[in-house]
Amino acid sequence: MKTLIVYAHPEPKSLNSSLKDLAVSTLETAGHEVRVSDLYAMNWKAVVDAADYGPDASSPLKVALDSGRAFDAGTLTPDVLAEQDKLLWADTIIFQFPLWWYTMPAILKGWVDRVFTYHFAYGVGEHSDTRYGERFGEGTLAGRKALLSVTAGGPESHYAARGINGPIDDLLFPIHHGILYYPGIKVLPPFVLYGTDRMTGEDYPDVAKAWEQRLLTLESTAPIAFRRQNFGDYEIPSLHLKEGLEPAGRTGFGLHVRD
């Protein structure tokens, strides 16, 4: 297994850093290859601008079209090209980050914004009466799988079905479905640690044991059963789920997961 860890936390002594280091040592000891993109240590540029596309930037800037033109021409900036190469190298991607304001840190979102360019992560495939591009189960990154390893400050009850923060699966849906599954990556159920603001050193051995177990079972873990876009579940071009496919009473994000 070839694993890319995309890590986003500014503190080298943080819990997130420890989890990242443990993932590296656990996977390498098990015989896997590992690469790490430590975004803060890399001083990763988190904002998209015309400089990303060099001579292929237009005026006014058109981010999608310009990023695709630069990708096709090979003129994306070296830092972006390097991350795209890592994604193509990997068969598994682990994202290690704290949940800040109900989502990923800005530096990690900036990594997505810059690396997932048009013609690389989206804007590929056939558009016809039966297909709407290669998305949601197909695409450039198909054949890979991803895992979110997330730390949350609040207790687990706050992220339950009736919790004030909303269900954790709903909070992570835009990342799971909208960022990872969109270009074809299979998404594994997340590894979430709750109450980390109150965690002590005495709690870490149990956390480490649970994390090691998840890491060593990545290859046998079934992905979230998201519906594939072009395989009969959706009307095209409306992309509405066909009537009668939803389980009784299910609405919202859950419609897009098969039982």
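**Labels and the values behind them**

Author: Tyr-40, Trp-100, Trp-101 and Tyr-102 make a nonpolar surface patch of about 510 Å². This is a predicted model, in which local features need pLDDT of at least 70 and side-chain atom pairs count only at pLDDT 80 or more, while totals for chains, interfaces and linings use all residues. Residues are numbered from 1 along each chain as its sequence is written, and side-chain values use heavy atoms, with hydrogens and water left out.

Reader: What makes a group of residues a patch?

Author: Patches are made of residues with over 30% relative accessible area and no salt bridge; like charges are joined within 9 Å, and nonpolar side chains (Val, Leu, Ile, Met, Phe, Trp, Tyr) within 5 Å. The accessible areas come from the Shrake-Rupley method with a 1.4 Å probe, and for residues only the protein chains shown count as cover.

Reader: Why is Trp-101 called exposed?

Author: Buried means under 20% relative accessible area, exposed means over 50%, and partly exposed lies in between (1.4 Å probe, protein chains only). Trp-101 has a relative accessible area of 79% and is therefore exposed. Its place is in the loop between strand E3 (92–98) and helix H4 (106–115). Helices (H or I, at least four residues) and strands (E, at least two) are DSSP runs, numbered from the N terminus.

Reader: How do you know that strand E1 pairs with strand E2?

Author: Two strands pair if DSSP finds at least two bridges between them. E1 (residues 2–7) and E2 (residues 33–38) are joined by six bridges and run parallel. Val-6, for example, has Ser-37 in E2 as its bridge partner.

Reader: What makes the unit of E1, helix H1 and E2 right-handed?

Author: A crossover is right-handed if, with the strands pointing away from the viewer, the path from the first strand over the helix to the second runs clockwise. E1, H1 (residues 15–29) and E2 make a β-α-β unit of this right-handed kind.

Reader: Which feature does UniProt place at residues 1–215?

Author: The unreviewed UniProt entry places "domain: Flavodoxin-like fold" there. UniProt positions are given in the numbering used here, feature names are shortened, and annotations may be inferred rather than shown by experiment. In the model, the span of residues 1–215 is 34% helix and 14% strand, and its end C-alpha atoms lie 11 Å apart.

Reader: Why is strand E4 described as largely enclosed?

Author: Seven of the seven residues of E4 (residues 145–151) are buried, so the strand is largely enclosed by the rest of the structure. In a regular strand the side chains alternate between the two faces of the sheet. Both faces of E4 are covered: Lys-145, Leu-147, Ser-149 and Thr-151 are buried on one side, and Ala-146, Leu-148 and Val-150 on the other.

Reader: Which strands are joined to E4 by bridges?

Author: E3 is joined to E4 by seven bridges, in parallel, and Thr-92 has Lys-145 as its bridge partner. The chain crosses from E3 through H4 to E4 in a right-handed β-α-β crossover. Strand E5 (residues 186–187) runs parallel to E4 with two bridges; there, Val-187 stands opposite Ala-146. Strand E6 (residues 191–193) is also parallel to E4, with three bridges, and Val-192 is the bridge partner of Val-150.

Reader: What makes the contact between Asp-52 and Lys-45 a salt bridge?

Author: A salt bridge is a side-chain nitrogen of Lys or Arg within 4 Å of a carboxyl oxygen of Asp or Glu. In the pair of Asp-52 and Lys-45, the closest N and O atoms are 2.8 Å apart, and the pair forms a salt bridge. Asp-52 counts as buried because its relative accessibility is 2%, whereas Lys-45, at 27%, counts as partly exposed. By this rule the count comes to 11 salt bridges.

Reader: Are Glu-83 and Lys-86 buried or exposed?

Author: Glu-83 is buried, with a relative accessible area of 1%, and Lys-86 is buried at 16%. Their side chains meet in a salt bridge (2.8 Å, N to O). Both residues lie in helix H3 (residues 78–89), three residues apart, about one turn of the helix.

Reader: How far apart are the closest N and O atoms of Arg-250 and Asp-259?

Author: They are 2.6 Å apart, and the two residues form a salt bridge. Arg-250 is partly exposed, with a relative accessible area of 27%, and Asp-259 is exposed, with 76%. Elsewhere, salt bridges that share partners join Lys-45, Asp-49, Asp-52, Asp-79 and Arg-114 into one network.
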